[in-house]
Structure formats: C-alpha cells, structure tokens
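Student: I have a structure open beside its sequence and would like to go through it step by step. Could you take my questions in turn?

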Amino acid sequence: MFAEAVTWDLTVSLINATVQLDQPQGDGTRTVGTGFLIDAPRADGTPRVVLITAGHVFDRMPRQDARIGWRVPLSDGNWRFTPAPLTIRDAEEEPLWVSHPDHDVAVMSIEAPDAFARAAIPIGWLADGYTFERFDVAPGDEMMSLGFPRGLSANRAGFPILRVGRIASYPLSPVVAFPTFLVDFTVFPGNSGGPVFLTGSARMRPGVPQPEHPFIAGVLTQQVEMNSERLGIGVVVHASYIRETIQLLDEAERAAAQDEAGAADEIALE
C-alpha cells in the first residue's frame, strides 16, 4: 500500500508541474499546447526553472507574448486558474526559447511563482539514453501523458488531463537510432508538448526492474495520420533529447553572459 501511495503522490507531482500554454490569434481562436516544468540548476548552482514543450508549439505562436496557465490554491481548498503573460520573443522578435536542431523539442528559462518553482520536476527524472535498457522498458509497457486536448482542462482549476496508453513500437533503443517511439493513445491539438512518463505501478511484466520514481520518458509531439485519418497513435521524442536541449540552453546562457560582461568591460574602458 505504501509503494502505491508513493507512486500516486509522485504522479500528482507531475500533474502539478504541467501547464497549459496558449496564444489568442485575434480571430476568436487560439493556439494551445502543453508544457511542463523542470528544476534544472545552472552549473554554478543557481536555481533555474525550465519550461519544456514541443518546438512547434512556440513556432505556431507568432506574437511576442503567449500565456501560461498558473493555478492558485485558495484557503477553502478550491483553486483559481490564473493565466499570465509569458514573453516568448524579445523586442527584435527573436525567440527566447532554444530548440533542438533535429527534434521537436523546445526549452526556455522562466520565472515561475514559488509554488510552481517548488513543483518543478528534478532534472534527474528525465530519462537518459540508457534508461529504457536499464529498466527493461518494452512494447506493451504502460505510459501516461498529461495535456490539454483542444484546450480542455480536467476542471475549472486548469489541471491537465491524464491519458494512458501502451508503448506501440519496437525497438526502443539505441536512442540515437530510434529517437522517437509510439504510444497507443489518441492525440489532439493541445496535447503537444506534454510529458510522457512511466511509473513502477504500470509495469505489467513480472521480474523487471522497478524505477524508484516515475521517469519522464519523453515529450509528446504529434499524432500519426495516414491520408488525413487519425490512427490513435502518439509520437514521443525520447527525453534524452530534452536533456540535450537543456545543455544547448546552458551554452546559450553562458554565451549571453559573456557578451554582457564584454560589453560592460568596454563601457568601463571608455
């Protein structure tokens, strides 16, 4: 019973770290996606919250500001959904996010409310290139995903909807050869960018190693279609590419800091 309770609590942690992203388009419609928060301190130990989503979510938001769906707990146990502006491009219309060069993953540093900063998932929960082999993840294993299909939330508080499906492709490794995998569930616009994760309680085969906490297996990026027909299958980019994109963010932030330091030195010399 205790193990089941711990697994549930950690699944709820992922729910708390998942947010709706949207941008009104001015014609009564809006572009909607899903993002989730990772606690990824900088190399010097400085705290940093990183927003993860699918790259095309931001690409399809042409304006400078999007919205991020914060949730505020109230004293009576209720919640209030409080979307807030999220600047995704600078004044020169340059993206503030970093994209993976080969895969549909985007990350950006954000300032999150304290409750969400605490809810951000430790970077150690992201699977690496060997996690699937280490835990013998195989076709038929159950994966969960969180998102906002067509902008729909689980309730007025703005919590994401939990979906469940089974891994539907083989082989799953090496990741460099198979950077994506398939999961058997229906994907809608708005699900893109959501975390896909595995918990120990979802393992169906006896004798396989059990992870001590849920791990994020990847980011949901698209649905599979043939001749405009949905096949009820989602495409997931392995989490190791989230890790690579966070490393690219690290490099970009270091370069920006060096540029600022160089500019400050020039001003001082003048």
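Student: In which loop is Arg 150 found?

Tutor: This is a predicted model, and in it Arg 150 has a positive phi of about 55° although it is not a glycine. As for its place in the chain, Arg 150 is found in the loop between β9 and β10.

Student: Is Arg 150 buried or exposed?

Tutor: The word exposed is kept for a relative accessible area over 50%. Arg 150 has a relative accessibility of 54%, and therefore counts as exposed.

Student: Is Asp 136 buried, partly exposed or exposed?

Tutor: Asp 136 lies in the loop between α4 (131-134) and β9, and its phi is near 55°, a positive value in a residue other than glycine. Buried means under 20% relative accessible area and exposed over 50%, with partly exposed in between. Because the relative accessible area of Asp 136 is 36%, this residue is partly exposed.

Student: In which loop are Pro 171 and Pro 174 placed?

Tutor: Pro 171 is joined to Tyr 170 by a cis peptide bond with omega of about -5°, and the peptide bond from Ser 173 to Pro 174 is likewise cis, with omega near 5°. Pro 171 is found in the loop between β10 and β11, and the place of Pro 174 is also in the loop between β10 and β11.

Student: Which residues does Val 183 contact, leaving aside its neighbours within four places in sequence?

Tutor: Val 183 belongs to strand β11 (residues 180-183) and is buried, with a relative accessible area of 0%. Its C-alpha lies 7.4 Å from that of Ser 169, a residue 14 positions away in sequence. With those sequence neighbours set aside, Val 183 is in contact with Met 143, Gly 165, Arg 166, Ile 167, Ala 168, Gly 232, Ile 233, Gly 234 and Val 236.

Student: How many aromatic pairs does a search of the whole structure find, and how is the pair of Phe 58 and Trp 97 classed?

Tutor: The search of the whole structure finds six aromatic pairs. For Phe 58 and Trp 97 the centres are 5.0 Å apart and the angle between the planes is 40°; planes under 30 degrees apart would count as stacked and over 60 as edge-to-face. The pair of Phe 58 and Trp 97 is accordingly tilted.

Student: How many residues apart in sequence are the parts that this pair ties together?

Tutor: Phe 58 lies in helix α2 (residues 55-59), whereas Trp 97 lies in the loop between β5 (79-87) and β6 (98-99), so the pair ties together parts whose separation in sequence is 39 residues.

Student: Of which type is the pair formed by the rings of Trp 79 and Phe 159?

Tutor: This pair links distant parts of the chain, with Trp 79 in strand β5 and Phe 159 in the loop between β9 (142-147) and β10 (161-166), 80 residues apart. The centres of the two rings are 5.0 Å apart and their planes stand at 85°, so the pair is edge-to-face.

Student: Which residue has its charged end over the ring of Phe 159?

Tutor: Phe 159 counts as buried because its relative accessibility is 12%, while Trp 79, at 35%, counts as partly exposed. The charged end that sits over the ring of Phe 159, 4.4 Å from its centre, belongs to Arg 71.

Student: Which elements give two or more residues to the lining of the largest pocket?

Tutor: The largest pocket has a volume of about 340 Å³. Of the 17 residues that line this pocket, the closest to its centre are His 56, Arg 60, Pro 189, Gly 190 and Ser 192. The elements that contribute two or more residues to the lining are β2 (30-39), α2 and β13 (215-226).

Student: Which residues line the largest cavity?

Tutor: The structure holds one cavity of 30 Å³ or more, and about 30 Å³ of space lies in the largest cavity. By class, its lining has five nonpolar, two polar and one charged residues. The lining consists of Ala 127, Asp 128, Phe 132, Val 175, Ala 217, His 238, Ala 239 and Ser 240.

Technical notes. Residues are numbered from 1 along each chain as its sequence is written. This is a predicted model: local features need pLDDT of at least 70, side-chain atom pairs count only at pLDDT 80 or more; totals for chains, interfaces and linings use all residues. Side-chain values use heavy atoms; hydrogens and water are left out. Helices (H or I, at least four residues) and strands (E, at least two) are DSSP runs, numbered from the N terminus. Buried means under 20% relative accessible area, exposed over 50%, partly exposed in between (1.4 Å probe, protein chains only). Contact means heavy atoms within 4.5 Å. Rings of Phe, Tyr and Trp (its six-membered ring) pair if their centres lie within 6.5 Å; planes under 30 degrees apart count as stacked, over 60 as edge-to-face and the rest as tilted. A charge sits over a ring if NZ of Lys or CZ of Arg is within 6 Å of the ring centre and within 35 degrees of the ring normal. On a 1 Å grid over the protein atoms alone, a cavity is a set of points where a 1.4 Å probe fits but cannot get out, and a pocket is an open set with protein on both sides within 12 Å along at least five of seven lines; lining residues have an atom within 4 Å of a point. Grid points are joined across faces, edges and corners, and a volume is the space filled by probe spheres set on the points. Ala, Val, Leu, Ile, Met, Phe, Trp, Tyr, Cys and Pro count as nonpolar, Asp, Glu, Lys and Arg as charged, and the others, Gly among them, as polar.
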